Structures are given as C-alpha cells and as structure tokens.
Amino acid sequence: MGIASWFGFKPTVIPPESTTIEPILDQIRWTMAGQTPEQLWREQPYLRMVTGFLARNVAQLGLHCYRHDSGGGRERVRDGVVARILGRPNPEQTGYELIRDLVHDLSLYDDAYLMVVRVVDSPTGWEVRNVPPRWVTGVVGKTAYSVDGYSVVFPKATRPVTVPAGNILHFHGWHPEDRSGGVTPVEALKGTLLEQVEAAEYRRQLWERGGRVGSYISRPKDAPGWSNEGRARFKRGWAASWSGDGAKAGGTPVLEDGMELKRVGFSAKEEEFVEASKLSLQTVAGVYYVNPTMLGQLDNANYSNVREFRKMLYGDTLGPTLAQLEARLNAFLLPMLGAGDGEYVEFNIREKLEGDFNESATQMYQAAGGPYMTRNEIRARMNLPSIEGGDTLIVPLNLGTPEGGVDGSQDEK
C-alpha cells in the first residue's frame with residue numbers, strides 16, 4: 001500500500017517556480033569539504049558517538065501510557081490504541097526503534113518528523129512512521145507560525161507527495177529567524193569537524209607517503225674514507241644483524257669510527273594528536289550538552305562522580321529532550337489517535353533514577369516505616385512462582401500503627 005493511497009489522493013507535482021513553497025531544510029544543504037551531515041555522521045566517530053548516545057539512552061527508557069484515576073493517582077494503561085501504538089507503531093518497527101530514529105533525526109538535523117496515517121487493515125487502525133528530514137524537500141502554504149503541508153520525496157518515487165500538516169508531527173529546535181524549524185548542530189561544529197577531517201587526512205598521508213626512517217647512523221667528517229664496497233658491506237651486515245628478525249636484533253650495537261645513532265621523527269605526544277582528539281570530543285559533546293565523562297573520557301573520573309554524572313544524565317542532559325517529546329506527543333499525537341480522557345504518555349525515567357535494588361529497597365523501607373512488599377511480590381521479582389499465604393504483608397508487632405494494629409485496625413483484647 002503506497003503512501004499516496006493512505007491519504008486518498010494522487011501525488012502532487014510541485015512546480016519549482018511556486019512561491020508557496022519554501023525549503024525547510026536549507027540548513028542541511030551546506031557542504032563542508034564536499035561532505036553533508038549524513039556523510040560526516042558516517043565518517044566522524046565523535047559525532048556518531050554523541051548522537052548515538054542520546055538516541056539509545058532515550059529509546060531504552062521506554063514510553064508508557066498512563067491514565068489519571070479519581071483518587072488523584074494514576075494507573076498504567078496496557079491496552080488501547082495508544083499503548084499498542086507505542087509497542088508496535090508500524091509493521092516494520094518497534095517502539096524502541098521509532099523513538100531511537102526520532103532522536104537521531106532531532107540530534108543530527110534539529111528537525112524530526114513522525115507521519116501518522118489511518119490504515120484500515122492495521123490492528124490499531126493507525127500507523128506511525130519516521131520521515132527522515134532528507135526526504136522533506138519543502139513546505140506548502142507556509143505562514144509565520146504554521147504550514148499547510150509538507151512536500152516529501154519517498155525513495156524510488158519519481159515525484160514528490162504533499163502530506164497534509166495534520167498527518168505530520170514536526171519536532172524541531174530553535175531557529176533565530178524561523179519559528180517553524182531548527183538549525184542542525186553540525187553547523188556549529190563545522191570548524192571542529194573540518195579539523196578532524198584534515199587531521200585524519202594528514203595522518204593517512206603520513207602513513208602512506210612518509211619515510212619509515214626511525215633512526216640513522218652518522219659518521220664524523222674526519223672519519224677514514226669509505227669505499228663503495230665497504231659502505232655496502234656495512235649496510236648488509238647491519239641489516240642482517242640488527243634489523244627485522246636479525247640475529248642481534250634488540251641488542252646494543254657497537255659503532256666504530258666515531259659513528260652515532262640518532263633518532264628522527266615526532267611522537268604522537270609531541271604532535272599533540274591525543275590532546276587534539278580529546279578537545280574535539282569535548283567540543284562535540286558540549287554542543288549536544290553531554291558530559292564527556294559519560295562518553296568514555298575518564299581523565300578526572302572516579303566512582304563517586306561517575307554515579308552523580310549518571311543521575312545528571314537523566315536530568316540535565318536528557319531531561320529537556322524527554323520533556324520536548326512528551327509534550328508534543330501528548331498535545332498532538334494522542335488527540336489524533338483518539339486517546340481516552342486523562343490518558344498521557346511519559347518516559348519511564350523513574351527506574352533509571354532509583355539506583356540499585358538494595359539502595360532503592362532501603363529508601364522505600366524508610367519511607368513506608370516498615371515492610372512494603374509481600375513474599376509473592378518478591379518471588380515474582382525473582383521469577384519464582386507464588387506460594388500459598390504469600391500475599392499477606394508480614395509486619396513485626398513492634399512496627400504497629402498508632403491506632404494499635406499492624407494494618408491500621410485495633411488489636412483484639
């Protein structure tokens with residue numbers, strides 16, 4: 001089933017001279033040393049490392065659907081259109097893959113698109129799909145704050161398709177001149193990435209064309225004369241004894257006639273390859289608001305601050321992205337899908353902030369003032385079957401409530 005048939009209209013040919021269409025991805029059409037953001041992502045390890053780190057850590061949180069109850073609390077919604085869409089948004093993707101691709105697009109382009117379409121033969125009646133920003137070539141009917149549709153060129157298509165704005169969720173960052181799109185962070189990294197491109201090219205040229213001379217032997221100018229035969233004999237003897245797997249390789253040569261063995265070349269430390277590489281990682285991570293320690297730069301890392309950095313990851317680092325995704329999904333996607341009253345989606349960040357089981361158990365025990373889990377709940381956590389009588393909460397008598405009973409009731413006299 002083609003995308004055009006999903007919307008019930010024929011593909012629209014977009015006239016190039018149309019004044020109602022303005023490109024929304026002009027920020028990714030620049031080239032730097034002949035490379036696009038996609039090519040830089042493929043070739044530059046730090047750019048790929050940071051964007052992948054963000055996308056994978058957001059996607060693995062899990063996006064859950066909840067409903068407010070009458071008591072002011074909430075309950076997890078495990079059935080219904082929204083919950084099923086979050087688990088299987090389309091026949092080819094899982095919920096994890098949808099969010100991962102969404103965050104990847106947002107990180108690389110500062111623009112990301114979800115297309116929401118009705119599909120009669122789908123289990124939920126809907127499908128949600130990522131539209132790579134590269135496919136979006138322009139907008140239709142744009143005003144200062146809104147658009148009527150998007151011109152999308154799908155792979156192997158001969159002409160663009162106009163997708164109504166009502167079927168697109170557009171996630172984007174901030175643009176100083178345009179409130180309907182973002183600016184790719186790669187723009188701010190042009191200098192740093194270009195430096196890495198040139199450094200990698202230089203090292204490749206050095207390995208490919210540079211001399212392999214690590215040391216040389218010098219003779220003083222007043223040394224006895226050397227015939228061509230004597231010079232050739234010395235070179236053959238040196239190569240046979242001290243080079244490669246020669247009989248004396250690794251030993252200490254004895255030089256004559258005032259000869260000296262001298263080293264040439266610069267080490268990686270002297271040419272500051274390592275420091276330049278670290279600086280590049282710090283710059284790329286800084287543009288994406290990620291602490292370099294979380295990416296493996298452990299110069300000043302220790303057990304204590306790494307634990308704190310982990311907590312900061314789901315607050316300061318990923319928090320704004322999570323809030324942006326949740327807000328737009330709740331404001332636009334759920335109404336499209338006909339979600340029930342009080343339903344909303346939220347990333348399952350609490351499990352990541354709880355720490356290990358022992359630490360969490362101690363905190364909840366202190367907060368509850370006593371045992372808070374039954375034996376069967378513990379057994380279920382350990383993947384063990386329930387036992388008879390295991391659903392009763394065991395509370396020591398010295399932890400009774402002020403009313404007199406361990407469960408709030410009065411003790412029998």
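1. By class, how many nonpolar, polar and charged residues does the lining of the largest cavity have? In this predicted model, the lining of the largest cavity is made up of five nonpolar and four polar residues, with no charged residues. The residues concerned are Gln44, Pro45, Tyr46, Leu47, Thr192, Leu193, Gln196, Ser280 and Val284, and the elements that contribute two or more residues to this lining are α3, α6 (190-209) and α8 (273-287). The space inside the largest cavity comes to about 40 Å³, and a search of the whole structure finds two cavities of 30 Å³ or more.

2. Two or more lining residues come from each of the elements α3 (45-59), α5 (95-109), α9 (303-317) and α10 (319-337). Sorted by class, the lining of the largest pocket holds 13 nonpolar, six polar and two charged residues.

3. Among the strands, β4 (residues 111-118) and β5 run antiparallel and are joined by six bridges. Within this pairing, valine 116 has valine 128 in β5 as its bridge partner. Strand β5, which spans residues 126-131, is mostly covered, since five of its six residues are buried.

4. The aromatic rings form four pairs by the rule applied here. A pair of aromatic rings is described by the distance of the centres and the angle of the planes. For tryptophan 226 and phenylalanine 234, the ring centres lie 5.2 Å apart and the planes meet at 50°, so this pair is classed as tilted. Tryptophan 226 has a relative accessibility of 28% and therefore counts as partly exposed, and phenylalanine 234, with a relative accessible area of 28%, is partly exposed as well.

5. Tryptophan 226 also takes part in another kind of contact, for the charged end of arginine 219 sits over the ring of tryptophan 226, 4.2 Å from its centre. A contact of this kind is found at tyrosine 66 too, where the charged end of arginine 74 sits over the ring, 3.8 Å from the ring centre.

Note on methods. Residues are numbered from 1 along each chain as its sequence is written. This is a predicted model: local features need pLDDT of at least 70, side-chain atom pairs count only at pLDDT 80 or more; totals for chains, interfaces and linings use all residues. Side-chain values use heavy atoms; hydrogens and water are left out. Rings of Phe, Tyr and Trp (its six-membered ring) pair if their centres lie within 6.5 Å; planes under 30 degrees apart count as stacked, over 60 as edge-to-face and the rest as tilted. Buried means under 20% relative accessible area, exposed over 50%, partly exposed in between (1.4 Å probe, protein chains only). A charge sits over a ring if NZ of Lys or CZ of Arg is within 6 Å of the ring centre and within 35 degrees of the ring normal. Helices (H or I, at least four residues) and strands (E, at least two) are DSSP runs, numbered from the N terminus. Two strands pair if DSSP finds at least two bridges between them. Ala, Val, Leu, Ile, Met, Phe, Trp, Tyr, Cys and Pro count as nonpolar, Asp, Glu, Lys and Arg as charged, and the others, Gly among them, as polar. On a 1 Å grid over the protein atoms alone, a cavity is a set of points where a 1.4 Å probe fits but cannot get out, and a pocket is an open set with protein on both sides within 12 Å along at least five of seven lines; lining residues have an atom within 4 Å of a point. Grid points are joined across faces, edges and corners, and a volume is the space filled by probe spheres set on the points.
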